[in-house]
Amino acid sequence: MQFQQLQYFVAVAETRHFTRAAELVHVAQPSLSQQIKALERELGADLFLRARGNITLTDAGEALLPLARRILADADTARYEVQELVQLRSGRVRLGATPSLCTGLLPDVLRSFHDRYPGIQLLIEESGSHDLVRELARGALDLALIVLPLPPGSPALTTVELLREDLVVVSSPEATVPGRGRGGVKIADLEGERLVMFRHGYDLRELTVAACRSAGFEPGFAVEGGEMDAVLGFVRAGLGVAVVPRMVAARSGRGLRVTPLARPGLYRTIALAHRSDVAPPRAARELQRMLLER
């Protein structure tokens with residue numbers, strides 16, 4: 001099995017077209033097809049079902065695809081690791097983070113990192129915590145800021161707790177504060193309120209819904225499915241209230257009323273994670289150090 005054959009296999013699997021795959025990897029289509037056939041002979045199984053205008057993966061192809069992607073990603077990481085050995089003058093860091101952390105925690109740290117290592121390329125993947133865990137597992141990220149606990153069935157990741165952040169309720173200044181009680185909003189006060197809710201896969205969605213159910217009610221949604229900026233915009237427009245991290249609320253600017261949650265409140269635990277079976281590249285380790293020492 002050759003490294004190049006895995007590249008060709010992944011290209012065909014992702015494009016579902018031999019000609020487009022050949023263009024993607026800059027090789028003649030007959031040569032690509034020959035290499036795929038050689039790989040199939042080596043493995044003793046067909047990887048694709050070939051029909052006119054329709055290329056699909058066989059069971060063997062489905063099994064090979066995540067492994068091939070991981071091999072290619074690890075090889076890519078190895079190449080960058082060697083490049084970075086010269087005093088971190090070149091290379092990259094692939095960092096994943098939730099949208100709230102991208103706006104709240106990361107800007108100051110990334111600015112300091114860039115000032116110290118201007119030759120290091122920073123690639124940021126903004127997504128929900130569960131999505132970032134999957135990206136870490138397949139080798140598409142070096143590090144990720146995720147929310148603990150890890151979801152059931154998560155891959156083997158090494159995590160270091162970074163911070164605990166309180167959650168608060170945001171509403172339009174013209175809207176009535178839920179509950180109107182002293183000491184903040186109780187979770188029970190959200191019963192009957194129309195919530196502006198994040199899309200599935202957001203840890204904030206699951207945390208809020210679980211807290212409401214623990215308080216004995218099913219939350220009602222005015223609108224759901226948004227990312228952080230969309231949720232804040234909908235709240236400003238008076239569509240409903242939302243539960244968001246305090247760090248985000250503090251940076252959200254005008255147009256929002258921020259009310260704390262009554263004790264014991266809600267909080268989330270942010271951790272820095274990487275794959276347990278692969279050490280992060282040198283540049284990623286340096287960014288990890290700066291995040292932990294911030």
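Biologist: Which residue forms a salt bridge with Arg-134, and how far apart are the closest N and O atoms?

Modeller: This is a predicted model, so keep that in mind throughout. The partner of Arg-134 is Asp-131, with the closest N and O atoms 2.2 Å apart. Helix H7 (residues 129-137) holds both Arg-134 and Asp-131. They sit three residues apart, about one turn of the helix.

Biologist: Is Asp-131 buried or exposed?

Modeller: Buried means under 20% relative accessible area. Asp-131 has 17% relative accessibility, so Asp-131 counts as buried.

Biologist: How many salt bridges does a search of the whole structure find?

Modeller: The search finds 20 salt bridges. Look at where each partner sits in the chain. Take Arg-275, which pairs with Asp-74 at 3.2 Å between the closest N and O atoms.

Biologist: What is the relative accessibility of Arg-275, and what is the relative accessible area of Asp-74?

Modeller: Arg-275 is buried, at 6%. Asp-74 is partly exposed, at 26%.

Biologist: Which residue meets Arg-268 in a salt bridge?

Modeller: Asp-203 does, at 3.6 Å from N to O. This pair links distant parts of the chain: Arg-268 is in strand S11 and Asp-203 in helix H8 (residues 203-214), 65 residues apart. Both Arg-268 and Asp-203 are buried. Salt bridges can also share partners, and here they join Arg-116, Glu-286, Arg-289 and Glu-293 into one network.

Biologist: How many disulfides does the structure hold?

Modeller: Zero disulfides. A disulfide calls for two cysteine sulfur atoms within 2.5 Å. Cys-102 is buried, with a relative accessible area of 17%. Cys-212 is buried too, with a relative accessible area of 0%.

Biologist: Which element supplies the largest share of the lining of the largest cavity?

Modeller: H4 does, with three residues. H4 and S11 each supply at least two residues of that lining. Then sort by class. The lining of the largest cavity has six nonpolar, three polar and four charged residues.

Biologist: What volume does the second largest cavity have, and which residues line it?

Modeller: The volume of the second largest cavity is about 30 Å³. Leu-195, Val-196, Met-197, Phe-198, Leu-204, Thr-208, Val-241, Ala-242 and Val-243 form its lining. Strand S7 (194-198) gives the largest share, four residues. H8 and strand S9 (242-245) each give at least two. By class, the lining of the second largest cavity has eight nonpolar residues, one polar and no charged.

Biologist: Pockets next. How much space lies in the largest pocket?

Modeller: A pocket is an open set of points, whereas the probe cannot get out of a cavity. The largest pocket has about 380 Å³ of space. Its lining has 18 residues, and Val-10, Arg-69, Leu-72, Ala-73 and Asp-76 lie nearest the centre. H4 gives the largest share, six residues. Helix H1 (3-15) and strand S3 (91-97) each supply at least two. The lining of the largest pocket divides into nine nonpolar, two polar and seven charged residues.

Biologist: Which residues are closest to the centre of the second largest pocket?

Modeller: First, the space in the second largest pocket is about 230 Å³. Of its 14 lining residues, Val-147, Leu-148, Pro-149, Asp-203 and Glu-206 are closest to the centre. H7, strand S5 (143-148), H8 and S11 each contribute at least two residues to the lining of the second largest pocket. By class, that lining has eight nonpolar, three polar and three charged residues.

Key. Residues numbered from 1 in each chain as written. Predicted model: local features only at pLDDT ≥ 70, side-chain atom pairs only at ≥ 80, totals over all residues. Heavy atoms only, no water. Buried < 20%, exposed > 50% of the residue type's maximum accessible area, 1.4 Å probe, protein only. Salt bridge = Lys/Arg side-chain N within 4 Å of Asp/Glu carboxyl O. Nonpolar A, V, L, I, M, F, W, Y, C, P; charged D, E, K, R; others polar. 1 Å grid on protein atoms, 1.4 Å probe; cavity = no way out; pocket = protein on both sides within 12 Å on 5 of 7 lines; lining within 4 Å. Points joined across faces, edges and corners; volume = space filled by probe spheres on them.
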